[in-house]
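Please consider the following assembly of protein and DNA.

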2 protein chains.
Amino acid sequence: MPHCHTIIQTLHNLGFRMTPQREMIIEAIAHAEGHITAEEIYDLVKERTRAVNVATVYRTLDLLVEKGLASRADLWDGRVVYATSQHGSHIHLVCRQCGDIFNADHMLVESLGDLLQTNYGFSADLQHFSIIGLCAHCRAEQEQGSINKGG
Amino acid sequence: MPHCHTIIQTLHNLGFRMTPQREMIIEAIAHAEGHITAEEIYDLVKERTRAVNVATVYRTLDLLVEKGLASRADLWDGRVVYATSQHGSHIHLVCRQCGDIFNADHMLVESLGDLLQTNYGFSADLQHFSIIGLCAHCRAEQEQGSINKGG
DNA sequence: CTCCTTGCAAAGCCTTTGCACGCTG
DNA sequence: CAGCGTGCAAAGGCTTTGCAAGGAG
C-alpha cells in the first residue's frame, strides 16, 4: 500500500524527522481498514519491534491529526479511533451489541451537514463521527431471541 | 417541576430505596435544561447539603441510565453529559470553539434515523448523541477574524 | 431487623508530561 | 553538530471499587 508513503513524505516535507517508530506507526494506521485504536496501533508496531513506546504512539497520532493527515473520532463508549484521511468523510455506525464499526458513506454525510447548516446555522465536522445503535445482524439476532422466548 | 417525582416514584416502584441523596441527585438532573455533567450535578447537590459524595452521584446516574430513566451522551472531547428521558430524542450540536451545546430537534433525528435504517439496516440510538462543529456565532466570529487579517 | 446505600479513600484506566539520551538531517 | 524525537516512569483527570457504618422499609 503506497498510501503510507504519501503520509511519510508529507511529514518529511513539513520538516519533521522520519524515525523508524514514526514509519511503523504510520504504516500501521494506513494499513488499517479505516479505524483503529491507539492501543491496536501500539500492539501492531510491537509485533515488529520492541523499540516503541505508547507515548510515542500517542505523540505521533497527535501529530498526524494536527497536520490533517489523520483524524480521530470519539465513539460513544469512550473508545477513540483513528483513521488516515484517505478514507474520506464518513460516519461511524457503532453497534452497541457486537462493537463493530460500519461506515456510512459520503452522501449521508453531506445531506446531514446541509440539514444542520440550513436549520441551525451549525457547521458540523462530520469527517469522522459516530452513531451508536444496532447493526442489521445483531438486530435480527435480537428479534430471533425474543421470538423464541415469546413462543 | 413534577417530573422528578415521576422518576423517584418509578425507582421506588422498582424496589429501590429512596434516600435524600438520590432525591437530590434526581432533582438536579431533572431540573437541568437538558444536559448536565456528573460534576455539575455533584456541585448542585453540594449546595444543598454536605451529605453527598461523588461516588454516590456516579452510582445514581448509572442506575438511572440502566433503568432507562436517563441517558448519557459522550461528547467529542471526552465530556459526558446526562439528561432525563423526558427531554425526548434530540441531537447535541457541540461547538468546538465555545463548547456550548445546542439541541437539534426531533424532526432531524427522525429523518436521520430513517436514512440509516433504509440505507444500512442500522437501527440508530439517536436519543442523545452529539455532533461536533462550529456554532453560527463562532463561525461568524471566525470569518470576521479572517477578514480583518486579510484586509 | 435486614440489607440496600452511603462515604471514604484508594485503585484503575487511558493519556499526557518532564527529563535526559540518542538519532536524524 | 544542533536540536528534534524517544523511552521511561510518574502524574493527571475522571470514574469505579471495597469495606464498614448508617439508614430505609
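A residue is counted as near a strand if one of its heavy atoms lies within 4 Å of it. In this predicted model, the largest share of the surface near DNA strand D comes from H4(B), which gives 4 residues. Helix H2 (20–31) and helix H4 (54–66) of chain A, as well as helix H4 (54–66) of chain B, each supply at least two residues of that surface. By type, the residues of the surface near DNA strand D comprise 7 nonpolar, 5 polar and 6 charged.

Of the 18 residues around DNA strand D, those that come nearest are A:Arg17, A:Arg22, A:Thr56, B:Arg17 and B:Tyr58. Individual polar contacts can be named. A side-chain N or O atom of A:Arg22 is 2.8 Å from a phosphate oxygen of DNA strand D, and a polar backbone atom of B:Met18 is 3.2 Å from a phosphate oxygen of DNA strand D.

Between the protein chains, 35 residues of chain B are in contact with 36 residues of chain A. About 2,500 Å² is buried between chain B and chain A, with carbon and sulfur atoms giving 62% of this area. B:Tyr120, B:Phe122 and B:Asp125 supply 24% of the area that chain B buries against chain A, more than any other three residues. Between the two chains there are 0 salt bridges and 8 residue pairs in polar contact. On the side of chain B that touches chain A, the largest share, 9 residues, comes from H5(B). The residues of that side divide into 21 nonpolar, 9 polar and 5 charged.

Terms used: Residues are numbered from 1 along each chain as its sequence is written. Chains are lettered from A and ligands numbered from 1 in the order in which they are written. This is a predicted model: local features need pLDDT of at least 70, side-chain atom pairs count only at pLDDT 80 or more; totals for chains, interfaces and linings use all residues. Side-chain values use heavy atoms; hydrogens and water are left out. A polar contact is a pair of N or O atoms within 3.5 Å; within protein, one must be able to donate a hydrogen and the other to accept it, and residues adjacent in sequence count only if both atoms are side-chain atoms. Ala, Val, Leu, Ile, Met, Phe, Trp, Tyr, Cys and Pro count as nonpolar, Asp, Glu, Lys and Arg as charged, and the others, Gly among them, as polar. Contact means heavy atoms within 4.5 Å. Buried area is the accessible area (1.4 Å probe) that two parts lose on being put together, summed over both. A salt bridge is a side-chain nitrogen of Lys or Arg within 4 Å of a carboxyl oxygen of Asp or Glu.
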